[in-house]
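Here is a short report on helix packing and aromatic rings. Look at the sequence and the fold before reading on.

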Amino acid sequence: MVRNPERRTALVDAAIEVLARDGVRGLTFRAVDAEAAVPAGTASNYFTGRDDLLAQVTGQIHQRIAPDPAEVTAVMQAPPTRALVAELMRWINRRVAENRTGYLAMLELRLEATRRPELRTALTQVIRETLDDDIRFHLEGGLPGDRTAVVLIYLAMTGLMLEQLTLPGVVPEEETDGLIAALVDRTVKPD
């Protein structure tokens, strides 16, 4: 296998674009090469097969959709209240709209994981670690709400993201801020 980390990253980023646009069926080495604007056959020099490519996408996609640590620090300067929890959820919701491709690719990975046990194992580990990090961030940040509240908000926000990415007319965009506020109000005990 070729060892050019920058080229590998560019190929994985191209794979994320193809995955979001064309789904798993469209994710071929040829499609990745075309998206990355590299010579045909390049991806096959970097990945042993489709499973290897999916594993690399799984490993990199969270880096792509993760917030900038400086932005998180800035947001967390506010007092730890329910209002801040609601603002954090609205921020996550905006991030989904801003990085639609990354989140669509993640949905495609989740669907493909139902058919590929190795991918299911790897993706479950990545998502579980992310949820554990979110719970730790919430509790260590002194935000109101316990572990159960964080998990409930995670599950509800995941559902909202799914609707907005796949069927945006189900929950009109102008209603999302109010729904998020209601979610936090009903899930997190008063300050």
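Contact means heavy atoms within 4.5 Å. The model shown is predicted.

Start with helix H1, residues 5-22, and helix H2. Helix H2 covers residues 29-36. Two packed helices are described by the angle between their axes and the distance between the axes. Here the axes come within 8 Å and cross at roughly 110 degrees. An angle of 65 to 115 degrees counts as roughly perpendicular, so H1 and H2 are roughly perpendicular to each other. H1 passes H2 in a right-handed crossing.

Which residues in H1 meet H2? They are Ala10, Leu11, Ala14, Ala15, Glu17, Val18 and Arg21. On the H2 side, the partners are Ala31, Val32, Asp33, Glu35 and Ala36. Sorted by class, this contact has eight nonpolar and four charged residues, and no polar ones.

**One aromatic pair**

Now turn to the rings. A search of the whole structure finds one aromatic pair. Phenylalanine 29 and phenylalanine 47 form this pair, which is tilted. Their centres are 6.4 Å apart, with 40 degrees between the planes. The pair links distant parts of the chain, 18 residues apart. Phenylalanine 29 belongs to helix H2, while phenylalanine 47 sits in the loop between helix H3 (42-46) and helix H4 (50-65).

Are the two partners buried or partly exposed? The table gives each one.

| Residue | Relative accessible area | Class |
|---|---|---|
| Phenylalanine 29 | 23% | partly exposed |
| Phenylalanine 47 | 1% | buried |

Buried means under 20% relative accessible area, so phenylalanine 47, at 1%, counts as buried.

Definitions and conventions
Residues numbered from 1 in each chain as written. Predicted model: local features only at pLDDT ≥ 70, side-chain atom pairs only at ≥ 80, totals over all residues. Heavy atoms only, no water. Phe/Tyr/Trp six-rings, centres within 6.5 Å; stacked < 30°, edge-to-face > 60°. Helix = DSSP H or I, 4+ residues; strand = E, 2+ residues; numbered from the N terminus. Buried < 20%, exposed > 50% of the residue type's maximum accessible area, 1.4 Å probe, protein only. Axes fitted to C-alpha atoms, helices over the stretch in contact; angles between N-to-C directions. Parallel < 35°, antiparallel > 145°, perpendicular 65-115°, else oblique. Left-handed = near helix turned anticlockwise from the far one by under 90°. Nonpolar A, V, L, I, M, F, W, Y, C, P; charged D, E, K, R; others polar.
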